[in-house]
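I have opened my notebook and want to look up a few things here. Come along and check each entry with me.

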Amino acid sequence: METLINLYIDSKKYAWAETTICSERARLRSISNFLNGDPEYLWQNIQSLNPYSRSVLWIRVTQFYDWKIEQGVHNGSNSYKTWRKKNSKAFKNCYIKTKPELTFDEALSRIRSIRRTDIRSRAFELIGSGLRYFECAQQTTGRVTGKGNKTRNSYKPQVRGPTYECSYETFRRHLAKIGLRPHDLRKLALTKIVELGANEFELCEIAGWSSINTASSYIKTNQSKVTGLMEQLQVDIKGR
């Protein structure tokens, strides 16, 4: 099983970031002993995980078995995909949106305190664009290739600084010293963009998402705006 997992992960080397490759390889290896083709057996053995982690893991297992079928190393249908459809309620409302507790301005202040100029410049690029770490590393000319090998417009700011040559781990350690993680910078940027007035569709364009459901988790209903819109609707009706 481990050999197949490695082959599957290796097939994604041009579609996934290095950090994703490492995390997903570890994820599948951690439950490899439960992948015997019986979805119920796997489900029983991952109950210690939180609902969101179970859902993400199930998606990866389903994709892994789709790949096995394509490669001819697994005969029959994808039992994990079928089981998920039959038990869809077990996977609903499991997404927990985590958001850094500090504000956008507080994050900027902390980033300014980083002494290494290349690390500081990269952090400003991330919080100033909403790009993922591996996307920001691309030498973009207005376009960037994100998850799933999807290409979109890039709004990476031009930040002056020395050539960036450090590893992801080095970058992560420097951010940890100021209480931040690399992905926090993306979340803070996208949250700020919403505050500036972006809707779900515009946020999807900037973030590289294919579903507005993901964008919706960043956008809270402005009740006063909704009330104003409905009042205006009534005024327009009465005026006709």
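Which residues does Ile21 touch, not counting residues up to four places away in sequence? I looked, and Ile21 touches Ile9, Lys12, Lys13 and Trp16. Contact here means heavy atoms within 4.5 Å.

A note before I go on: this is a predicted model, where local features need pLDDT of at least 70, side-chain atom pairs count only at pLDDT 80 or more, and totals for chains, interfaces and linings use all residues. Residues are numbered from 1 along each chain as its sequence is written, and side-chain values use heavy atoms, with hydrogens and water left out.

**Entry: Ile21**

I found Ile21 in helix H2 (residues 18-30). Helices (H or I, at least four residues) are DSSP runs, numbered from the N terminus. Ile21 counts as buried because its relative accessibility is 14%. The terms are: buried under 20% relative accessible area, exposed over 50%, partly exposed in between, with a 1.4 Å probe and protein chains only. I also checked Pro51, which is 30 residues from Ile21 along the chain; their C-alpha atoms are separated by 22 Å.

**Entry: aromatic rings**

I read off 17 aromatic pairs in the structure. Rings of Phe, Tyr and Trp (its six-membered ring) pair if their centres lie within 6.5 Å; planes under 30 degrees apart count as stacked, over 60 as edge-to-face and the rest as tilted. Phe34 and Tyr41 are edge-to-face, because their planes stand at 75°, with ring centres 5.9 Å apart. Tyr41 is partly exposed, at 31% relative accessibility.

Trp58 lies in helix H4 (residues 51-71) and Tyr80 in helix H5 (residues 79-86), so the pair ties together parts that are 22 residues apart in sequence. Trp58 is buried at 0%, and Tyr80 is buried at 0% too. Both belong to one aromatic cluster, which also includes Tyr8, Trp43 and Phe91.

**Entry: nonpolar cores**

What do I find in the largest nonpolar core? It has 22 residues, of which Ile111, Ile127, Phe171, Leu175, Leu180 and Leu185 touch the most other members. A nonpolar core is a set of buried Ala, Val, Leu, Ile, Met, Phe, Trp, Tyr and Cys residues joined through side-chain atoms within 4.5 Å. Among the elements giving it two or more residues are helix H6 (104-112) and helix H10 (182-195). A second, separate core of 20 residues includes Trp16, Leu28, Val61 and Tyr65.
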